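This briefing is intended for a reader new to the structure shown below. Please keep the sequence and the model at hand while reading the points that follow.

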Amino acid sequence: MFIYLCKKIAIPGNVQLRCISWNKDEGFIACGGEDGLLKVLKLETQTDEAKIKGLAAPSNLSMNQTLEGHSGSVQVVTWNEQYHKLTTSDQNGLIIVWMMYKGAWYEEMINNRNKSVVRSMSWNADGQKICIVYEDGAVIVGSVDGNRIWGKDLKGTHLCHVTWSSDSKILLFGMSNGEIHIYDSQGNFIVKMKLSCLANLTGAFHIAGIHWYHGTEGYVEPDCPCLAVCYDNGRCQIMRDENDQNPILIDTGMNVVCIQWNHCGSVLAVAGSLKATCQDKDVNIVQFYTPFGEHLRTLKVPGKQMSALSWEGSGLKIALAVDSYIYFANIRPDYKWGYCSNTVVYAYTRPDRPEYCVVFWDTKNNEKYVKYVKSLISITTYGDFCVLATKADEDQPQYVLVLCNSIGTPLDPKYIDIGPLFVTMTKTHVVAASKEAFYVWQYRVAKKLTAMEINQVARTRKEGRERIYHIDDTPSGSADRQLDYSKAVEGTRDPICAITASDKILLVGRESGTIQRYSLPNVGIVQKYTLNCRPYQLSLNCNSSRVAIIDLSGVLTFFDLDARIIDSTGQQVIGEQLKLERKDVWDMKWAKDNPDLFAMMEKTRMYVFRNLDPENPERPNKDYIINFEIRSLRDSRALIEEVGIEESSQFIEDNPHPRLWRLLAEAALQKLDLQTAEQAFVRCKDYQGIKFVKRLGNLQSESMKQAEVAAYFSRFEEAERMYLNMDRRDLAIGLRIKLGDWFRVLQLLKTGSGDSDDALLEQAHNAIGDYFADRQKWLNAVQYYVQGRNQERLAECYYMLEDYQGLENLANSLPENNKLLPDIAYMFVRVGMCEQAVSAFLKCNRPKDAVDTCVHLNQWNKAVELAKNHNMKEIGSLLARYASHLLEKNKILDAIELYRKANYFFEAANLMFKIADEEAKKRTKPLRVKKLYVLSALLIEQGHEQMQNKQRGKVKGKSSEAASALAGLLEDDVLSSTNRFADNAWRGAEAYHFFILAQRQLYKGSVDAALKTALHLRDYEDIIPPVEIYSLLALCACANRAFDTCSKAFVKLESLETLSPDQRQQYEDLALEIFTRHCPKNNKKSDLDVVLESGDGKLPICVATGDPILEYRFWMCSVCKHCMKAKERSNYNFCPLCHSSA
């Protein structure tokens, strides 16, 4: 921002001012001072002419009223903008409320407590309540109509400041001892505010000001600091709310008297005085800060003592009360704006949205495109493009440079790890710099392409080169540097303060006054220059020979980069400081086509310089231009009109001039005197005119010649009417085509009597479709593209309208291998529509792209199916890679589902068995472990079935069924050798099934059945821990009084190596206790033992009861191939083991 003093108003009688307040809505300025002085002033409103000329400060007063009523010094003035009231108070405690009536201010209410002086008054955000604090601790809250809402006496305190929160729920009271107390809106004490700015300081400090911005114009950032507290010693803290534990701390280094936010909370003004280094007296200054504590500008103000300041409602002016004067200063904020491709890009904040509102205003077509951008830092433009610099995330120190076109469409975002405090742009590069480093991005964009073509280019192009350099580095420009942000965060003693670039060079300015010159596109340091100032803004001319420098105080100087001069030591140096110097400059721009031409803004005027000499600063106006015809031209025109062409020709022959010959040629054309016209065109060397006359000479019809002449003189309506009267509609259409008036062409084609030319009709429809598409009116464009059968642009419109059904119908209507099908397929891919994309790819015979699409969109089953149908073998490696990716993230179930969908059942089963084994080791519920083993076995069975089906397909057509059976056995044999689950897929499920069944039978009281079932568990020691098997077996045997079996179980338990000595001793003690009472013998053998000893081999086991099946008729599950007794079949609707339907 730039600020300068522009006006001074003297108060009559040299009365000292104490306070000032500027009405933000209506522009009234109230100022109070000694001896009861109270005046209301108003500056003249700007005229249209003044606005055009850019005058920011009107020079005259439209109101200057003195308000009578106070006798003592007026110390507080405050406005209620919502209800158009002014509230004032003097040193005697008298409060007066003033109101506007018939263009003047009058007293409305008076209040005098007669006990103490009013120190501060504050209206809340909606103007409904006012809080008044007295020096003796009294607080009164009243309504806008003068009624008292509540009052309170804060004993033992001396008040000096008060302010409301934006929601009117909190009141802050500033004490004379420097403390700030937080109260609710009813006057109840909450807590003392933490004052971090006074940490490690001793002594008494007084509050200079408290100002809480209420967010009426929006915030520059979400959660932006808005509560400012400042002390007379210069210490200041800016908080997000009253309880902010981490405020922004500022040490202004001055004696502060007043602070105030501007209208939108983006700038905090701090007014006070500073001890001058070379003088005894203090110097009045105003410091300007951002809400984040960054110093913007310093304004020096003449006078002895500054007492108050106040912002104007637009934030473009500030009023300062100094001694008996009011000084006005103009402010030029650093607007976020730029200009590219006939488009003005600008940003502002709105109260109803946390983001910046970025507007792309096409000044040629007067169309606006609005985008909302979070945490916008800057806007930089060049050519047809702009770069928006934003903060990526509020919590992370990462930033984004977004390359956009002139309608705000993002083309390429780049994430960087340095704060882009300074950004510049050329036609090939974007350069962003922090204080320590700069980042160079060589961007690439596709010009004059449709949105669909841009997306296609984006898929195939290589990424632009990105490099980063520390300011203290000395790059040579030869080696290609990688992005390394580690050095970029290192500090420097001489930070960056400005940058600029052209197609050839990059200039980086540093706070010491050094300018470093780098070459582009290969970034290498070329030269260092030394300036006499700290640059604030740098700008290169179009041929990179000169740079303009604006320093912090607004002084514009120029530096010739290539000049070679002899310095004071007699050595030759490169670079020369030019003599031109201008003060109070806040911006400048070089011409794009002339290295010596530039424009600069100096205060409220714009100057144009050529070769360092100023031109007339007046604004050009059409009224200043007068077209005055010379005498010979007037005489020639009069002769042609009065005498004729032949006589006029002789006059022009005697007074020859190209303009006169052209006049004669035009007159001859009007009268179809082609010979004279040709001679005149020859004399004025108009080759196009000669060709036109020759063409007219070849025409036979007089009316045709007249129509051509009318078109030549831009009388198009007349020419068209003549063509139509001659029944030459084709010529009328041709004329409109040349003019690009396709709407009229279409109208002429439709109203013709004969059949229209189909090709021309399609061309007209497509041209009108292009007209609407260029203006992003896609719905209108669709209607004309359909009639023009322009399938390529129709696809683009459907895509932009998100009409994917229309896009799908278009793809279905296209013939196979149409060149548009791949583009449509990629459109579907970008929006995640897999089925439609695959269909389009297959239709254009690109199965690999279809498979890649399925993989990209995680449709693996579809991918495998396509790969198999088209004999593609790389799907296995893709599947394995994705599965390993899932397994690395410990997403085993996702990997299983992936394999299962892709029909890779054995890989899925392998993973499922691992999960089951892990759950078994965790001693999870046995039923859960059984289910996992069942799922694993089912996957194995599906794999077997898949192999058998595949093998049947291989041997199909062979005469022998034995060959098929043999091939199947060989396949199983190969499987068994490679997969350890192939032969015993159901063992895990069997083990836990019998383990659960035995316990159910035991708890049910069927001890004999439980023992038989438990005996089967001896075959599954590799799955269930032996200690659990034999503990259960011993328990069942003991319950069944089969003590010999129980004894064997205890012997097995005591011999287990996995038991600890204590556990083994417990088993021995339990066995001793049992077998001292019961002999470990069992004369009755079980049926199972009898059968086993009979030598009939292994019998099938009933999965319902655990008994061996001795009958010849039994039921077998079709899935797991396990058996169940026939008499048990009626009790089950499903297989007890695998739970498949029976």
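Asp1107 and Lys1012 join their side chains in a salt bridge, with 4.0 Å from N to O; a salt bridge here is a side-chain nitrogen of Lys or Arg within 4 Å of a carboxyl oxygen of Asp or Glu. Asp1107 belongs to the loop between α30 (1087-1093) and β53 (1114-1116) and Lys1012 to helix α26 (residues 1007-1016), so the pair ties together parts that are 95 residues apart in sequence. Both Asp1107 and Lys1012 are buried, a term for under 20% relative accessible area, with exposed meaning over 50% and partly exposed in between (1.4 Å probe, protein chains only). Helices (H or I, at least four residues) and strands (E, at least two) are DSSP runs, numbered from the N terminus.

The model is a predicted one, in which local features need pLDDT of at least 70 and side-chain atom pairs count only at pLDDT 80 or more, while totals for chains, interfaces and linings use all residues. Residues are numbered from 1 along each chain as its sequence is written, and side-chain values use heavy atoms, with hydrogens and water left out.

**Further salt bridges**

- Side chains of opposite charge can pair when their charged atoms come close.
- A search of the whole structure finds 39 salt bridges.
- One of them pairs Lys85 with Glu108, whose closest N and O atoms are 2.6 Å apart.
- Lys85 is in strand β7 (residues 85-90) and Glu108 in strand β9 (residues 104-112), so this pair ties together parts that are 23 residues apart in sequence.
- Lys85 counts as buried because its relative accessibility is 10%, whereas Glu108, at 33%, counts as partly exposed.
- Another salt bridge is formed by the side chains of Glu720 and Arg736 (2.6 Å, N to O).
- Since Glu720 lies in helix α9 and Arg736 in helix α10 (residues 729-739), the pair ties together parts that are 16 residues apart in sequence.
- Glu720 has 3% relative accessibility and counts as buried; Arg736, at 5%, counts as buried too.
- A network of salt bridges links Glu717, Glu720, Arg736, Asp741 and Arg744.

**Packing of α8 and α9**

- Helices α8 (residues 702-712) and α9 (residues 716-725) pack with their axes 7 Å apart, at an angle of about 160°; axes are lines fitted to C-alpha atoms, for helices over the stretch in contact, and angles run from 0 to 180 degrees between N-to-C directions.
- The two helices, α8 and α9, are therefore roughly antiparallel to each other, a label for angles over 145 degrees, while under 35 counts as roughly parallel, 65 to 115 as roughly perpendicular and the rest as oblique.
- From α8, Ser703, Met704, Gln706, Ala707, Glu708, Ala710 and Ala711 meet Phe716, Glu718, Ala719, Met722 and Tyr723 of α9; contact means heavy atoms within 4.5 Å.

**Two buried residues**

- Ser73 sits in the loop between β5 (61-66) and β6 (74-80) and, at 2% relative accessibility, counts as buried.
- Not counting residues up to four places away in sequence, Ser73 touches Arg18, Gly33, Glu34, Asp35, Gly36, Ser89, Asp90 and Gln91.
- Ala811 is part of helix α15 (residues 804-813) and counts as buried at 6% relative accessibility.
- Apart from neighbours within four places in sequence, Ala811 is in contact with Leu821, Ile824 and Lys843.
- Ala811 and Gln836 are 25 residues apart along the chain, and their C-alpha atoms are separated by 8.8 Å.
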